[in-house]
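This report covers salt bridges, domain contacts and the chain interface. Load the model and follow along.

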2 protein chains.
Amino acid sequence: MQVVGTSAKRVDGPDKVSGAAAYTGEVHLPGMAYAKLVPSPLPHATIKRIDASRARALPGVYAVLTGAELVGMEQTYGSERKDRPIVAIDKVRFQGEAVAAIAAVDEETAEAAVELVEVDYEELPPVTDMLAALEPDSPLVHPKNLCHEYHYDWGDVERGFAESDHVFEDTFTFPMVYHYAMEPHTCVARYDAEGITVWSSAQHPFIVRDELARIFHLPLNSVRVIVPYIGGGFGSKSYAKIEPLTTALAREAGRPVRLALTVEEAFKTVRRHSARATIKTGVMADGTFVARECLAYVDTGAYADNGVRVTQRIGDRMPGPYRFPHMKVDTYGVYTNTTPAGSYRSIGGPQAAWACESQMDIIAAALGMDPLALRLKNLAVPGEEVRRGRRPLEADLAMGIKAVTGSLGWTSYRPSSPRPGVRRGIGMACSITNAGANPTSTAIVRLLADGSAIVLVGTTELGQGSRTTMAQIAAEELGMSMDAVRVISSDTGIVPYDRSTGSSRSTTLMGLAVQGAAVEVRDQLLELATEHFESAPGGLTVADGAVAHGDERIGFPDLVKQKFDGEGGELIGRGYVSSQHESGKLKQEPVFWEVGMGAAEVEVDEATGQVRILRYVSGIDCGKAINPQQAEGQDEGAAMQAIGHTMFEEMVYEDGQLLNPNLIDYRVPTFADLPEVFETILIENGDGPGPYGAKGIGEGGVVSVAPAVANAIYNATGVRIKELPLTPERVWRALQAAKREGG
Amino acid sequence: MQVVGTSAKRVDGPDKVSGAAAYTGEVHLPGMAYAKLVPSPLPHATIKRIDASRARALPGVYAVLTGAELVGMEQTYGSERKDRPIVAIDKVRFQGEAVAAIAAVDEETAEAAVELVEVDYEELPPVTDMLAALEPDSPLVHPKNLCHEYHYDWGDVERGFAESDHVFEDTFTFPMVYHYAMEPHTCVARYDAEGITVWSSAQHPFIVRDELARIFHLPLNSVRVIVPYIGGGFGSKSYAKIEPLTTALAREAGRPVRLALTVEEAFKTVRRHSARATIKTGVMADGTFVARECLAYVDTGAYADNGVRVTQRIGDRMPGPYRFPHMKVDTYGVYTNTTPAGSYRSIGGPQAAWACESQMDIIAAALGMDPLALRLKNLAVPGEEVRRGRRPLEADLAMGIKAVTGSLGWTSYRPSSPRPGVRRGIGMACSITNAGANPTSTAIVRLLADGSAIVLVGTTELGQGSRTTMAQIAAEELGMSMDAVRVISSDTGIVPYDRSTGSSRSTTLMGLAVQGAAVEVRDQLLELATEHFESAPGGLTVADGAVAHGDERIGFPDLVKQKFDGEGGELIGRGYVSSQHESGKLKQEPVFWEVGMGAAEVEVDEATGQVRILRYVSGIDCGKAINPQQAEGQDEGAAMQAIGHTMFEEMVYEDGQLLNPNLIDYRVPTFADLPEVFETILIENGDGPGPYGAKGIGEGGVVSVAPAVANAIYNATGVRIKELPLTPERVWRALQAAKREGG
């Protein structure tokens with residue numbers, strides 16, 4: 001292969017380094033109004049009265065949107081549950097929820113108008129703890145606080161535990177975290193005779209299109225969602241977020257409206273689910289797993305957002321990549337008076353792995369086994385049905401985990417104390433996640449009269465490098481230079497349908513669509529070349545922008561000329577991907593198993609509890625790296641992001657008030673927090689269902705960091721910590737407690 | 001048929017009446033600069049020196065573009081001859097030609113900077129008369145003033161004239177006119193790492209794309225030309241106009257640039273070719289035509305623009321729709337120091353018909369024949385090769401002309417004097433023009449998951465109603481409601497190739513492409529329905545957004561669901577049109593013969609020379625009217641526009657200075673100038689090569705007005721006028737001269 005498998009330079013690089021790259025915030029329409037939100041100061045209250053008359057009277061104010069204005073349309077939205085009002089109606093369920101929105105001539109005027117909106121609240125007691133929310137006497141966020149529950153099992157865990165030599169039960173907690181992106185949510189909406197046009201920092205433009213069409217009772221072709229470059233998503237921009245409100249406000253104002261959230265408002269838009277997981281695992285003395293029972297709760301906040309899927313996914317991920325004759329999983333998604341929780345890079349994955357992979361080392365220690373040996377003994381093997389009734393595992397996990405731990409010199413490593421009061425150790429973790437990737441993607445490839453090409457895809461470019469990957473796939477199939485391929489993405493009016501940019505799906509599924517569309521163009525080129533050479537198609541080869549027949553060559557431009565008599569024209573190809581894809585590889589769900597594994601060496605300062613990650617090795621099974629450099633970049637980004645929830649990220653609530661919705665009080669990783677050595681090992685067995693055997697990556701790297709680091713702290717100090725983040729204070733207290741127990 | 005053939009409401013209507021319709025002037029980009037041109041005050045001069053230093057030093061000025069800045073790029077452009085510099089280099093060739101362009105923070109600053117650009121000219125004598133320009137001692141606009149010449153003949157005209165009973169020779173002149181559009185030329189250009197993005201009021205976005213790619217040495221996929229709604233074109237926005245300059249200025253300024261011409265600047269951008277035609281026709285005593293010799297000159301102004309094609313086309317159109325055993329045509333396109341002349345609704349057509357159809361009545365009068373009878377005697381018949389080696393005539397001209405004249409009661413009509421000093425009479429004219437339509441068009445149709453559709457076409461909507469027509473064709477082929485079809489047009493980045501929106505080609509050629517793309521979608525629906533019903537495709541019918549099998553029906557949304565397992569998706573169809581089109585109807589040029597015929601009744605006030613058109617009947621052979629109301633609208637617009645050059649439009653030059661580049665001094669038709677009775681007769685014989693037998697219209701209506709009115713004036717007063725426009729003064733002087741001769 002000429003292009004696929006090379007670390008081709010990013011096609012969006014020049015745009016971004018030159019500042020030419022356009023983001024939603026740079027969209028300016030004639031007559032556009034600027035919007036500001038009126039936030040609820042209370043976490044839980046009924047709205048007795050809203051008087052916006054003074055705000056409406058302020059010169060420069062075009063419109064004020066409250067629940068009362070949500071007429072002739074659907075009032076609520078949500079990815080699975082339509083439980084979130086576009087603006088609060090009758091009740092507010094979390095502090096910061098918008099009770100009204102202002103559209104004005106400029107942001108200053110809109111801000112001034114915010115102060116003039118009078119809202120009478122009747123305060124209700126808030127509930128911000130998910131276990132408390134399930135108590136019979138709890139305040140009710142919704143008619144019931146249980147949002148969703150998920151259960152499955154196989155075998156008979158009770159019998160399994162009875163047959164086990166040892167049974168371990170541990171409980172772990174995972175904090176509320178916010179996926180901080182450089183670009184907070186931004187939307188520009190126009191509502192006119194043509195229908196709705198929305199520019200938005202949305203990861204899934206077609207899902208937003210479908211949601212807006214439903215809310216405003218319009219056909220799909222009358223809603224156009226355009227997504228410029230996105231300044232980071234990580235799931236925070238999945239599904240509809242501020243688009244319904246901005247569009248409703250534009251309808252009310254009778255002019256285009258721009259809403260650009262502040263970082264604080266973004267913190268109050270979506271977050272990752274906090275979790276509490278109890279795992280009971282039965283094992284034989286030799287370490288063979290027998291049975292596991294899991295009980296997990298996730299806090300989905302004031303509205304479901306993606307909480308239904310997260311509740312399922314954390315359950316699906318509790319068994320880990322291991323063989324269990326008996327399994328029982330029960331998970332519950334709970335409403336509380338906090339920021340709604342939704343998608344975040346590997347939904348449910350880090351929460352599940354934090355618990356399971358921490359307990360792995362607890363078990364290994366109790367059995368006196370090496371944690372690697374314990375994992376290798378129980379790992380599912382390629383072709384094994386690792387979840388009953390689901391796609392068998394493709395990946396060779398043992399190979400991967402040996403490579404990852406080998407790179408740290410695992411087998412010969414011994415914990416040490418390089419300096420007094422400082423201890424070093426290593427830890428590891430391994431996970432597989434059933435990517436929720438829905439198989440539907442379509443693409444169009446256009447070969448122009450000069451032999452250059454345009455690829456039309458719905459995949460949004462949010463920094464992951466999708467445009468580059470798609471250009472590589474098209475160039476590879478068309479036998480042309482990547483420089484001659486341009487990717488245009490994410491305008492639902494013009495590019496064909498794509499389900500979403502998430503669940504690590506784009507390279508695998510949109511990649512197949514682009515490949516199919518390129519092949520359809522290539523077939524037309526071959527047909528034209530067959531006429532030209534008066535030969536059989538068999539004898540033709542496509543390379544370097546030409547079709548060759550023996551020593552004779554005819555360039556793509558001449559073939560297009562042949563079809564259109566030299567008068568312009570172009571060739572068009574289409575690619576369709578669904579579970580019925582001709583490859584037959586997409587029939588079973590999950591479309592692929594995403595693999596993530598990591599090993600860390602840490603240094604713990606016993607005096608301060610400060611933990612430093614000295615080395616981190618991440619193993620990523622991508623099947624085939626279309627662009628190795630970008631694959632590594634995805635993995636590094638994921639692992640670095642996970643350092644946040646591992647070491648210090650946590651949204652803190654007090655009496656229902658979010659105390660740290662800003663980057664001063666809420667700490668995200670900086671370069672100073674990175675490991676001194678970071679290594680990504682790409683595992684390429686060509687066993688994925690995507691083009692050239694690729695499978696999805698970019699989420700797997702998030703999953704193993706926290707347990708690998710906690711396991712390394714244990715290895716270094718003998719202290720086991722079951723709560724995140726691993727702040728110096730928490731580590732120091734654990735060390736002190738251990739000392740006291742020790743004597 | 002359900003949709004085609006109905007006067008469906010315009011899909012762009014709501015947009016336009018609500019003010020939501022966006023035009024290029026409404027495009028505003030962050031950091032966008034505003035441009036002003038530095039016009040040459042002289043019609044002909046060499047540029048000795050340009051000093052822009054003071055302009056560049058003015059605060060708020062970003063860049064000044066002069067010939068010196070045209071580096072690393074092509075310096076000239078043009079549709080056939082690349083003879084027009086992007087800004088003047090070394091020499092200016094007409095008054096108003098841009099010698100420099102300013103990009104500044106706002107228009108006021110740019111205008112101020114214009115005054116600060118110092119240009120030293122060495123004045124050269126101008127030539128503004130095309131015959132003078134061909135004199136040996138004429139000043140030279142270009143190395144030679146002859147831009148292009150065109151010759152053809154058949155038979156032997158000398159022998160023909162010798163065999164004729166009578167030979168008539170007459171010379172006619174046609175003025176310089178400007179196609180005034182509500183929207184002057186406007187362009188916004190961005191030149192960045194992605195390449196070039198241009199928003200422009202361009203009729204032919206793909207031709208502009210190709211021109212910009214050539215000038216700036218970029219591949220076609222790096223140049224994106226986006227055309228919002230256009231406020232009227234009529235040919236004035238054909239090919240590249242201000243786009244190369246605006247793009248070069250954006251490159252120089254390093255930021256987006258907006259150039260919106262004033263009406264005066266638009267007058268100095270392009271105009272229709274003035275013409276002088278001498279026709280010598282030999283006839284037998286019974287009126288049978290024997291031979292014709294034509295000598296025509298067209299003034300293409302300072303640059304060729306589309307002058308090469310116009311020189312050819314006026315020649316092609318000199319024989320008219322009549323049978324001649326002997327024919328000789330010689331035409332010459334000449335450079336002068338005036339506004340460059342380009343495309344204008346039926347290039348060369350009105351100029352040729354003015355001469356030929358006026359002489360028809362001179363001949364008829366001399367022979368004592370009825371002008372209708374003379375025409376019927378000599379009209380070509382369907383299937384006749386009306387031009388040697390070209391597509392035989394499809395149209396039944398005799399049928400059409402009888403219908404048109406019949407509507408005025410031609411055969412029983414007698415000239416009259418309703419009041420003293422007022423005379424009434426009738427006249428007619430008939431023409432066929434070989435539409436220069438290039439056959440290349442492509443289209444994409446997308447059927448979305450809810451059964452609504454999007455049609456992607458390169459045809460620009462400039463008021464002619466193309467979006468409506470394309471929606472009707474797609475709806476017809478897909479058996480769905482037009483309301484469920486949305487047409488998105490004219491962004492070369494996203495819609496597939498279309499040659500141009502001109503030459504009356506869109507309904508015929510893009511219509512075929514849309515039909516083909518819709519059929520490709522329908523075929524996919526039938527294939528899915530065949531699976532669904534487990535039936536043979538034969539037994540299926542497509543109607544009302546569903547496929548029926550006997551009494552069973554399955555809607556389009558369910559068929560899309562079937563293909564994508566209910567998970568979104570869409571069906572995509574492509575349409576290709578070229579001379580190799582499967583219909584086989586596009587092999588020969590012209591793609592179709594455009595027919596235009598008209599008859600007028602006028603009233604002449606002998607005291608003032610004022611002419612009023614009482615009744616006008618226009619006959620339009622459209623083959624099949626996809627939308628009868630729009631077809632009539634096109635024809636009415638064309639005839640009304642032709643009243644301008646017939647009655648009062650003329651660009652007046654004195655010493656190379658254009659005296660009337662504004663709507664005060666240059667009179668265009670108003671409602672007060674319209675005939676009291678206007679009738680369009682649509683002739684639908686289904687004999688066109690387009691969808692449902694359609695052929696192009698919209699230009700034919702322009703052609704016959706001037707000769708029909710002049711012939712009516714002759715019928716009323718016995719006075720023959722051979723110069724346009726027919727101003728009261730010109731008519732009055734002719735009446736006085738006739739009186740003197742008469743007595």
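## Ground rules

A salt bridge here is a side-chain nitrogen of Lys or Arg within 4 Å of a carboxyl oxygen of Asp or Glu. Over all chains, the whole structure holds 95 salt bridges.

The model is predicted, and local features need pLDDT of at least 70, side-chain atom pairs count only at pLDDT 80 or more, and totals for chains, interfaces and linings use all residues. Residues are numbered from 1 along each chain as its sequence is written, chains are lettered from A and ligands numbered from 1 in the order in which they are written, and side-chain values use heavy atoms, with hydrogens and water left out.

## Salt bridges in chain A

A:Asp491 pairs with A:Arg224 in a salt bridge, 2.8 Å from N to O. A:Asp491 sits in the loop between strand 22 (485–489) and helix 14 (506–533) of chain A, and A:Arg224 in strand 13 (residues 223–226) of chain A, so the pair ties together parts that are 267 residues apart in sequence. Helices (H or I, at least four residues) and strands (E, at least two) are DSSP runs, numbered from the N terminus. Both A:Asp491 and A:Arg224 are buried. Buried means under 20% relative accessible area, exposed over 50%, and partly exposed in between (1.4 Å probe, protein chains only).

A:Arg271 and A:Asp299 form a salt bridge at 3.0 Å, N to O. A:Arg271 lies in the loop between helix 8 (263–267) and strand 15 (274–283) of chain A, with A:Asp299 in strand 16 (residues 289–301) of chain A, so this pair ties together parts that are 28 residues apart in sequence. Both A:Arg271 and A:Asp299 are buried. In the salt bridge of A:Glu606 with A:Arg423, the closest N and O atoms are 3.1 Å apart. A:Glu606 is partly exposed, with a relative accessible area of 23%. A:Arg423 is partly exposed too, at 33%. Shared partners also link A:Arg49, A:Asp51, A:Arg54, A:Glu118 and A:Asp120 into one salt-bridge network.

## Domains 2 and 3 of chain A

Chain A divides into domain 1 (24–124 + 180–267), domain 2 (274–436 + 590–741) and domain 3 (438–577). These bounds come from an automatic or database domain assignment. The centres of domain 2 and domain 3 of chain A, taken over C-alpha atoms, are 39 Å apart. Their contact (heavy atoms within 4.5 Å) takes 20 residues from domain 2 and 19 residues from domain 3.

The area buried between the two is about 1,400 Å², with 54% from carbon and sulfur atoms. Buried area is the accessible area (1.4 Å probe) that two parts lose on being put together, summed over both. A:Ile626, A:Pro691 and A:Tyr692 supply 36% of what domain 2 of chain A buries against domain 3 of chain A, more than any other three residues. How many salt bridges lie between domain 2 and domain 3 of chain A? The count is zero.

## Chain A against chain B

Chain B and chain A bury about 4,800 Å² between them, and carbon and sulfur atoms give 50% of this. In chain B, B:Asn221, B:Arg486 and B:Tyr576 lose the most area to chain A, together 15% of what that side buries. The contact takes 62 residues from chain B and 62 residues from chain A.

Six salt bridges cross the interface of chain B and chain A. A:Glu567 and B:Arg499 meet in a salt bridge at 3.0 Å, N to O. Strand 26 (residues 570–577) of chain B gives the most to the side of chain B that touches chain A, with seven residues.
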